[in-house]
Amino acid sequence: MTELEQRLITELGNNFPIASRPFAVIGERVGLTEEEVLARVKEFIARGIIRRLSVALRHQNVGFTANGMVVWRVAPERLEEVGKKLASFPEVTHCYERETAPDWPYNLYTMIHRPHREECLAIAARLSEAVGIKDYLVLFSTQELKRSNPQYFTERG
């Protein structure tokens, strides 16, 4: 990957301009025209370098202060089925399989963001009913210590 491509990917992932022509602004930052930026983005997608462009909403800034991580204990033979079902709910923003530990049997994790804890608990109960898994916990975050976009290319390499 060239230095220009790395700079372009960095610009796409950080400080995306809120402007009527954001790709023109990014192009000015890296020395390309708007058309060249769009062509490179399409090329990156075609090459599988980037999957998509999307917005990352800072949910706490818009009032979604209850962040519930629901941890599920799922039989290994049902993991894929249950994971796909849970991931299909619009309220679930993340769905991951994780390894268990000797004193931690939960192997599937989902995230729910709502304005109030009670809403997260009600959604978790509805999810539980939908997948037939009763062994779960809802863990609420108490403080956000860091939230940032991934830094793939830095001056340190």
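Glu34 is buried in this predicted model, with a relative accessible area of 15%. Here, buried means under 20% relative accessible area, exposed means over 50%, and partly exposed lies in between (1.4 Å probe, protein chains only). Glu34 sits in helix H3. Helices (H or I, at least four residues) and strands (E, at least two) are DSSP runs, numbered from the N terminus. Glu34 touches Arg21, Phe23 and Ala24, leaving aside residues up to four places away in sequence. Contact means heavy atoms within 4.5 Å.

The model is predicted, so local features need pLDDT of at least 70 and side-chain atom pairs count only at pLDDT 80 or more, whereas totals for chains, interfaces and linings use all residues. Residues are numbered from 1 along each chain as its sequence is written, and side-chain values use heavy atoms, with hydrogens and water left out.

Helix H2 covers residues 22–30. Its buried residues are Pro22, Phe23, Ala24, Ile26, Gly27 and Val30. They pack against helix H1 (3–13) and helix H3 (34–47). Gly31 follows H2 and has a positive phi, near 85 degrees.

A UniProt record covers this part of the chain. The unreviewed entry places the feature "domain: Siroheme decarboxylase NirL-like HTH" at residues 5–51. UniProt positions are given in the numbering used here, feature names are shortened, and annotations may be inferred rather than shown by experiment. Over residues 5–51 the chain is 68% helix and 0% strand. The end C-alpha atoms of this stretch are 15 Å apart.

Salt bridges were then counted. A salt bridge is a side-chain nitrogen of Lys or Arg within 4 Å of a carboxyl oxygen of Asp or Glu. The count comes to ten. One of them joins the side chains of Arg47 and Glu5 (3.4 Å, N to O). Arg47 lies in helix H3 and Glu5 in helix H1, so the pair ties together parts that are 42 residues apart in sequence. Arg47 is partly exposed, at 46% relative accessible area, whereas Glu5 is buried, at 8%. Glu5, Glu43 and Arg47 are linked in a network of salt bridges.

Glu11 and Arg29 also meet in a salt bridge (2.8 Å, N to O). This pair links distant parts of the chain: Glu11 is in helix H1 and Arg29 in helix H2, 18 residues apart. Arg29 is partly exposed, at 37% relative accessibility.

Another salt bridge joins Asp135 and Arg73, with the closest N and O atoms 3.7 Å apart. Asp135 lies in the loop between helix H5 (117–131) and E4, and Arg73 in the loop between strand E1 (66–72) and helix H4 (79–87), so the pair ties together parts that are 62 residues apart in sequence. Asp135 is partly exposed, at 31%. Arg73 is partly exposed too, at 46%.

Cysteines were checked next. A disulfide is a pair of cysteine sulfur atoms within 2.5 Å. By this rule the count is zero. Cys95 is in no disulfide, and the nearest cysteine sulfur, that of Cys120, is 15 Å away. That distance is too far for a bond. Cys95 is partly exposed, with a relative accessible area of 27%. Cys120 is buried, at 1%.
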